[in-house]
Amino acid sequence: MKIEAIDLFYVALPDITRTADGTQDSLVVRVRTDNGLEGWGECDASPLVSMTAYVMPMSHSNIINIREALIGETIDSPEDVVRLRARAGEFGLDIQQLDHAVAGADIAMWDVLGKHVGEPVWRLIGHKASYKKLPYASVLFGDNPAETRAIATSIAERKFRAAKFGWGPMGRGSLGDDIALVQAARDGLGQDAKLMVDAGIIWGDDVDAAYERAVAFADLGVVWLEEPLRTEEVGAYKALSDRVRADGVQIGIAGGEGADFYRSADDMMTNAGLDFVQIDVGRIGGITEAKRVADRAHELGIQYVNHTFKSHLSVAASIHVFAGIEEFDLIEYPAGDSPLVLGLTAPTGIFRDSEGFVQASDKPGLGVEVNLGAIHEYQRHVKIEIDGEVLFESAQP
Ligand SMILES: [Mg+2]
């Protein structure tokens, strides 16, 4: 089959706030083929900037848009998807948000190929089985300990056995303030639940500040301390991780969501001393690149975890990436109440089974359906025009 069209849908909530909540808008990508099939993907980056990477005029041989690279190309096998992902990378070599943007098309190509050949994506990318994963409810800290405890209690009531709290006031007050927030999360969740903390890069390159928290949070049974430092502070990560291990502090160091191309993730896995590498399939260039990271993590003995703070379309894409590696047993599961995100897949997406686990679908493609009604409801109309020539105009889904 041939790629006939690539459709772009910029969807957003009516009011966007400055919270660290990626579920407020999205760029959804649809790939249509000449045999009437369609695949869907989602990007995690500024929707309009990514959209531009699909439609902008050529600047020179290394700045050619993604549509130009993909439309009219043949896609019949996994090798074709890998080849086309590379082709988009070559056409857009000097487009700085290329990997974020092409992620949507890459995910959509895997989805449509799966539908074409009647196989789930996890099998197409080389996995032999789809193992169950424990979803952790991924939420932001409340503005204070009382709010945080209330959020944690509601997560426990929703029968999640694991949760991660992040950003918000973490790291903005004293060490005591930070401990009080994590204690509140622990109190609300109960002693048996897995608890993770996402510091949202708040300590920059300050290893001492991060180490103090690691020690304190370990006492509260925190599984990992995520992004205590900025992504590029690889040396500081290594110093932190070495100190945590040397002192026998029982907590993992996690990071990697800022890795927006394979080599960046590889750098962190090789040099930052990570215990968990967290990769966003919608940032790193799609399923093709994320699978490379998962395989490398497996070789290095680092646990791969998805980073996902978008809709269940992204959760679905993420779980296929590491479905077949049994030891990679945790999955980030956005648990906020953004109506955009909850409504984007129909009926909802990746369901938790009676024991609370989730699993990559055996259905062809990603195994989730996109709810066109939600796209219709939340779509922003975009028109990109140069000298009177319309390069792009939003259409109804
Ligand atoms: Mg994070």
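I began with α11 and listed its buried residues, which are Ile287, Thr288, Glu289, Ala290, Lys291, Val293, Ala294 and Ala297; I call a residue buried if 20 or more other C-beta atoms, placed from the backbone, lie within 10 Å of its own. I note that this is a predicted model, in which local features need pLDDT of at least 70 and side-chain atom pairs count only at pLDDT 80 or more, while totals for chains, interfaces and linings use all residues. I number residues from 1 along each chain as its sequence is written.

I took helices (H or I, at least four residues) and strands (E, at least two) as DSSP runs, numbered from the N terminus. Helix α11 (residues 287–300) has 14 residues and reaches 20 Å from its first C-alpha to its last, close to the expected 20 Å, the expected span being 1.5 Å times one less than the number of residues. After α11 I found Gly301, with a positive phi near 75 degrees.

I then looked up the sheet, which is open and has eight strands in the order β10-β9-β8-β7-β6-β5-β4-β11, with parallel pairing; strands pair if DSSP finds at least two bridges between them. Its edge strands, each pairing on one side only, are β10 (303–306) and β11 (330–334). I noted four bridges between β9 (residues 276–279) and β10, and Val305 in β10 as the bridge partner of Gln278. Helix α7 (residues 175–189) packs on the sheet, touching β5 (162–166), β6 (194–198) and β7 (222–226), and its direction makes about 155 degrees with that of β6. For such angles, axes are lines fitted to C-alpha atoms, for helices over the stretch in contact, and values run from 0 to 180 degrees between N-to-C directions.

Next I turned to the largest nonpolar core, which has 124 residues; such a core is a set of buried Ala, Val, Leu, Ile, Met, Phe, Trp, Tyr and Cys residues joined through C-beta atoms within 7 Å. Helix α4 (residues 98–117) gives the most to this core, with eleven residues. The core lies between domain 1 (3–119 + 372–393) and domain 2 (134–370), because both give residues to it; the bounds come from an automatic or database domain assignment.

Lastly I checked the domain contact, where 35 residues of domain 1 are in contact with 31 residues of domain 2, contact meaning C-beta atoms, placed from the backbone, within 7 Å. α4 gives the most to the side of domain 1 that touches domain 2, with eleven residues.

Key: A residue is buried if 20 or more other C-beta atoms lie within 10 Å of its own, exposed if 12 or fewer, and partly exposed in between; C-beta atoms are placed from the backbone. Two residues are in contact if their C-beta atoms, placed from the backbone, lie within 7 Å.
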